[in-house]
Amino acid sequence: MKNLTPLTADIITNNLVPQRFGKRGMIWTGVLVAFCVVGAYAYFLQLKNGLGVTAMRDYVSWGIYISNFVFFVAISLVGSLITAVFRLANVKWSTPLTRIAEIIAVSAIVFASLIIVVDMGRPERLFNLFIYGRLQSPIMWDVIVITTYLFISLLLLFFPLLPDLKILIKRKELSVKSLGKFYSFLGSFWKGTRLQEKLNKRAVNILCVTIIPVAFCIHTVTSWLFATTYRPGWDSTNFGAYFISGAFLVGAGAVVVAMYIFRKAYTLERYITELHFDKMGRIVVLLALLYLYFNVNEYLIPAFKMKNSEEAHLTDLFAGTFAPLFWFAIFTGMLVPIFILLFKRGRRPLPAFIAGILVVVGAWFKRYLIVTPTLLHPFLPMTDVPENFKHYFPTWQEWAIALGSLAGALLIITFFARIFPIIPIQETINEQHETVAK
Amino acid sequence: MKQLQNKLRIVILSVILILGIKAISFAQDPTASPVLLDLKYYVSDQQVPYVIVKTKTKKERKFLPVKGIPVSVFLNDESNASLLGKVVTNEKGEGKVVIPASFKSTWDSSSAFTFKATSEPVGKTAALSGELTIKKARLVLDTLNEDGVRSIRVTALEKNGSEWMPVKDVEVKIMVKRLLGDLPISETESYTTDSTGQVVGEFKRDSLPGDIKGNLILLARTEDNDLYGNLLVEKTLNWGKPLQDNNDAYNSRSLWGTRYKTPLWLLGIAYSIIIGVWGVIIFLVAQIFKIKKLGIEPIS
């Protein structure tokens, strides 16, 4: 056991203020920017030549763009879990994870909104949604709830940041000078008076209460985009709960991955400890079991009945062309992470990180499996259509745009961590004082 | 010893049985079935005549389509000048060749034709050939209304030199065109022309919904007639029940209504949630300004 010096306010501040990118940081950012540039070029081609450059046709009109959208919406729910649920439940150990969770939520929801516009083909027609939109349409509900969630997430990111901005303005020598003005613009008014703190605390509490139902709404409404459509695989009353449980799982998995990367990149071992991995590992197991339970409900019962209309879709998933991907998603996204994280050794940082990656990768493919196979199995048989209407495999433009959007979301998180403390400084100092006082 | 002999017999019998079954199954090997090439001729009063070539093979007592066979179709002889077109059969084993406009004079000058189809060997499929001889004919459809009874009269005419002559013993079906198929005009499935080349069928579908004006499309056709192929004639008549344009469902407040016909309960719920949540957001933004104001004011 290493004999560590006690954490004072100065040490905490020095450890947690944003740091310049090192060599690895520059390479990481460069790779992400390269993905974004290729994605932007592919989008330019799509705008120029139309949606014909994608593999989407009359039947599969929702391809990996919508899979990506559902994935982003799902992952964004983590903000409400880690920040709101844990804060309201007075879970103290989650403090170093709150900002990580919130920035994941904000970046994911920003790209969820963008990827929908990409899927439209004619983005200028987005305006028509506001002119001719019908409140009866679940798509309209989704637009409203995504916008609302984005604003609430931004506020939930901003309010707890105010005390840290004061520290950043005060300790200019620790950060880049050019950022000073930006910090002052955002929070020079924060003096840390009792009244300000009271108002801030109240605002955060109100946000925590508000964000939970909105988070449930955002993913429930996303599930209704599917469930309100009468199609094999989507015609389910289980969909809302099924989507939300999956969203919490992928969000928690993403937080574990981010925890490990930030811990390594910024040497935060004293703040993001093995305890955090142990606790988050337990939560991931719980959420994976919950999601597995909903999966059993979602697939086993229709498979037991095997209605004619659903048979082709289900057999294609279980033993047909989609079977390798389906079982990969089930094993990678749920069973293997449960197996790893059930054991104490598996909840140490590296195994937990691997389990987190498996959860996220499995979750992405799971969303693809929710969207595409159903569209390839319409109730009325496909007749007199060109051969390429009957299959779907994304073109390089679709892959480039989808990967570009994922890279874009990671880039937001990367730049945020460069500009703002990824672990709340003031809250950590306060908690340290409370611990010492006890 | 006897038991051993019995066991030996069982083994030998089993081997013979297995080999026998295998031999039978090999005899029915689908790969051994030849590919057949058929031709069908279609003409209607509203379309340019065309020929459909069909490639198929027999497997387990069923005909299955063979796709990807390139077929050349000729008129009368297999010369380049008589080539009507080339086609590759699709997943249904079919390919369509429309008679080109360049053949109009040849087409108009004769009253009988032979279509010839040939294909080169492709993979395991040997070279194929098929032939279809047809006589030029057409159907004429008109209507009768005697004592309030609506009937349809169809005349089959065959081209004989420059004359169109009525022909007897031609089987004709008289139908009404519907969305997913054709409906016979009465219980009679088909009619055969008499010595005047005519058939008369009573129209018994009085209450059949038509379009918004009550129009129905009546048609008469021959199906794979040995001499004349597939003849078709269509006529639009105002014999149906006009379709009622039911806009009530769209004019009332409903989930499928237009933008301004949203159900009140949905408007109530949606706006309550939107106003409630955005009220909180506006309140919180106001809190930021309040905190800002407190920070700017000198601390007393």
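**Figure 1. The two domains of chain A and the distance between their centres.** In this predicted model, the centres of domain 1 and domain 2 of chain A, taken over C-alpha atoms, are separated by 22 Å. Domain 1 covers 22–212 + 396–429, and domain 2 covers 231–378; these bounds come from an automatic or database domain assignment. Residues are numbered from 1 along each chain as its sequence is written, and chains are lettered from A and ligands numbered from 1 in the order in which they are written. Because the model is predicted, local features need pLDDT of at least 70 and side-chain atom pairs count only at pLDDT 80 or more, while totals for chains, interfaces and linings use all residues.

Figure 2. Domain 1 of chain A gives 27 residues to the contact and domain 2 of chain A gives 28 residues, where two residues are in contact if their C-beta atoms, placed from the backbone, lie within 7 Å. On the side of domain 1 that touches domain 2, the elements with two or more residues are α3 (64–76), α4 (78–88) and α5 (95–120) of chain A. Of these, α3(A) gives the most, with seven residues. Helices (H or I, at least four residues) and strands (E, at least two) are DSSP runs, numbered from the N terminus.

**Figure 3. Residue classes on the side of domain 1.** The side of domain 1 of chain A that touches domain 2 of chain A holds 22 nonpolar, five polar and no charged residues. Ala, Val, Leu, Ile, Met, Phe, Trp, Tyr, Cys and Pro count as nonpolar, Asp, Glu, Lys and Arg as charged, and the others, Gly among them, as polar.

**Figure 4. The helices of chain A.** Chain A contains 17 helices and zero strands.
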